[in-house]
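Look it over, then read on.

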Amino acid sequence: MPTLERLHNHLEALTLAEADAVLEAHLERAAQEDRAYADFLDDLLEVEVAARRTRRIRTRLNMAHLPYHKTLAQFDFAFQPSIEERQVRELQTLRFLHDAHNVIFLGPPGVGKTHLAVALAIEAVEAGFSAYFVTAHDLVSDLGQAARENRLDRRLRIYLAPKMLIIDEMGYLPLDDVGATIFFQLVSARYERGSILLTSNKSYGDWGAVFGDPIIATAILDRLLHHSTTVNIRGESYRLKDPRKAGLLSAPERKDEG
Ligand SMILES: Nc1ncnc2c1ncn2[C@@H]1O[C@H](COP(=O)(O)OP(=O)(O)OP(=O)(O)O)[C@@H](O)[C@H]1O
Ligand SMILES: [Mg+2]
């Protein structure tokens, strides 16, 4: 069998599909440029390694269930001066993730809470961590159903396994007793084990009302905030930065979320 064919067979047997696909091009280039054997092999394997890395990131990104793909580079810090950029850059180092600390984004609608949480999830995924995004409402209804069907422990694993769990929109909808209990269980189980990124339109003082019970709210906050960073955002909604849209909102009965 000719050597080239054998090479293709070997690469296929080793499931090095990307290297297999570029073999001829790399052989040709190596001959033309009179490259050292080691450099040729290095280049060829690099193609395979890079392709696998991209594939792994794509898979983990799909598994993260992000609502949209927005990065830190796409975030305009100048628009939201109440955010200390240095604080976000520190979060970007992902040290909090190594330490299993939490991050809480507080602020009114449209100020970038979800955007920043999503952007940090993308950073985490690109650094090799797993992330999972869920709204507080979906989380509690999913786990509530699991509890009714006596399979809460098994279902909880979905929310315990990822290194970073993003819980979005805490506080827009109040939780009932069962919801509050489930939330408490989850926060306790992740405590000092895996990071929670949480976004909320409610300040901590209002959490008693969200959980319908100040005692459980305190117990949750105690665990959530023990090792945590709070990013408190005050300012205008980015969704309404177009002054004509902002004008629409000044009529109190209109609420334009577009
Ligand atoms: N400073 C910013 N720079 C660039 N885009 C921004 C900025 N702030 C918000 N956005 C964009 O505006 C939209 C709304 O932001 P985001 O989803 O983060 O709002 P939010 O704070 O989570 O609001 P809500 O509480 O209503 O969910 C998104 O498309 C987001 O990418
Ligand atoms: Mg949001």
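A residue is called buried here when its relative accessible area is under 20%, exposed when over 50%, and partly exposed in between. The model is predicted.

Q: Which residues of helix 3 are buried?
A: Helix 3 covers residues 37–64. Buried calls for under 20% relative accessible area. The residues of helix 3 that are buried are Phe-40, Asp-43, Leu-44, Glu-48, Ala-51, Ile-57, Arg-60, Leu-61 and Ala-64.

Q: What covers the buried residues of helix 3?
A: These buried residues include Phe-40 and Leu-61. Their cover includes helix 2 (17–33), helix 6 (113–126) and strand 2 (131–135).

Q: How far does helix 3 reach from its first C-alpha to its last?
A: Helix 3 has 28 residues. At 1.5 Å a residue, 40 Å is expected. The model comes close to that, with a reach of 41 Å.

Q: Which residue just after helix 3 takes a positive phi?
A: Most residues other than glycine have a negative phi. Just after helix 3, a phi of about 55 degrees is found at His-65.

Q: Is Asp-34 buried or exposed?
A: Asp-34 sits in the loop between helix 2 and helix 3. Its phi is positive, near 55 degrees. Exposed calls for over 50% relative accessible area. Asp-34 has 69% relative accessibility, so it counts as exposed.

Q: What is the phi of Glu-192 near?
A: Glu-192 is in the loop between helix 9 and strand 4 (195–200). It is partly exposed, with a relative accessible area of 45%. Its phi is positive, in a residue other than glycine, and near 60 degrees.

Q: Which residues touch the most other members of the largest nonpolar core?
A: This core has 33 residues. Helix 3, helix 4 (85–92), helix 5 (95–98), strand 1 (102–106), helix 6, strand 2 and strand 3 each give two or more residues to it. Helix 6 gives the most, with 9 residues. The members that touch the most others are Met-164 and Leu-197.

Q: How many residues are in the other core?
A: Met-164 touches Leu-120, Tyr-132 and Leu-197, among others. Apart from the core described above lies another. Among its members are Leu-139, Leu-152, Met-170 and Ile-196, and its count is 30 residues.

Q: Which residues come nearest to ligand 1?
A: There are 16 residues around ligand 1. Of these, the nearest are Gly-110, Lys-113, Thr-114, His-115 and Tyr-172.

Q: How much of the accessible area of ligand 1 does the protein cover?
A: A polar side-chain atom of Tyr-68 lies 2.8 Å from an oxygen atom of ligand 1. The side chain of Lys-70 has an N or O atom 2.7 Å from an oxygen atom of ligand 1. A polar backbone atom of Gly-110 is 2.7 Å from an oxygen atom of ligand 1. On its own ligand 1 has 630 Å² of accessible area, and the protein covers 91%.

Q: Which backbone oxygen does the side chain of His-115 reach?
A: His-115 is in helix 6. It is buried, with a relative accessible area of 11%. Its contacts beyond four places in sequence are Tyr-68, Lys-70, Thr-71, Gln-74 and Phe-75. At 3.0 Å, its side chain reaches the backbone oxygen of Thr-71.

Q: Which side chain does a polar contact of 2.9 Å join to that of Thr-114?
A: Thr-114 is also found in helix 6. At 16% relative accessibility it falls under the 20% limit, so it counts as buried. Beyond four places in sequence, it is in contact with Pro-67, Tyr-68, Phe-133, Asp-168 and Thr-199. The polar contact of 2.9 Å joins it to the side chain of Asp-168.

Q: What distance separates the C-alpha atoms of Thr-114 and Arg-239?
A: Along the chain, Thr-114 and Arg-239 are 125 residues apart.

Q: Which backbone nitrogen does the side chain of Asp-176 reach?
A: Asp-176 lies in the loop between strand 3 (164–170) and helix 9 (177–190). It is partly exposed, with a relative accessible area of 48%. At 2.7 Å, its side chain reaches the backbone nitrogen of Gly-179.

Methods: Residues are numbered from 1 along each chain as its sequence is written. Chains are lettered from A and ligands numbered from 1 in the order in which they are written. This is a predicted model: local features need pLDDT of at least 70, side-chain atom pairs count only at pLDDT 80 or more; totals for chains, interfaces and linings use all residues. Side-chain values use heavy atoms; hydrogens and water are left out. Helices (H or I, at least four residues) and strands (E, at least two) are DSSP runs, numbered from the N terminus. The expected span of a helix is 1.5 Å times one less than its number of residues. Buried means under 20% relative accessible area, exposed over 50%, partly exposed in between (1.4 Å probe, protein chains only). Contact means heavy atoms within 4.5 Å. A polar contact is a pair of N or O atoms within 3.5 Å; within protein, one must be able to donate a hydrogen and the other to accept it, and residues adjacent in sequence count only if both atoms are side-chain atoms. A nonpolar core is a set of buried Ala, Val, Leu, Ile, Met, Phe, Trp, Tyr and Cys residues joined through side-chain atoms within 4.5 Å. A residue is near a molecule or strand if one of its heavy atoms lies within 4 Å of it. Accessible areas come from the Shrake-Rupley method with a 1.4 Å probe; for residues, only the protein chains shown count as cover.
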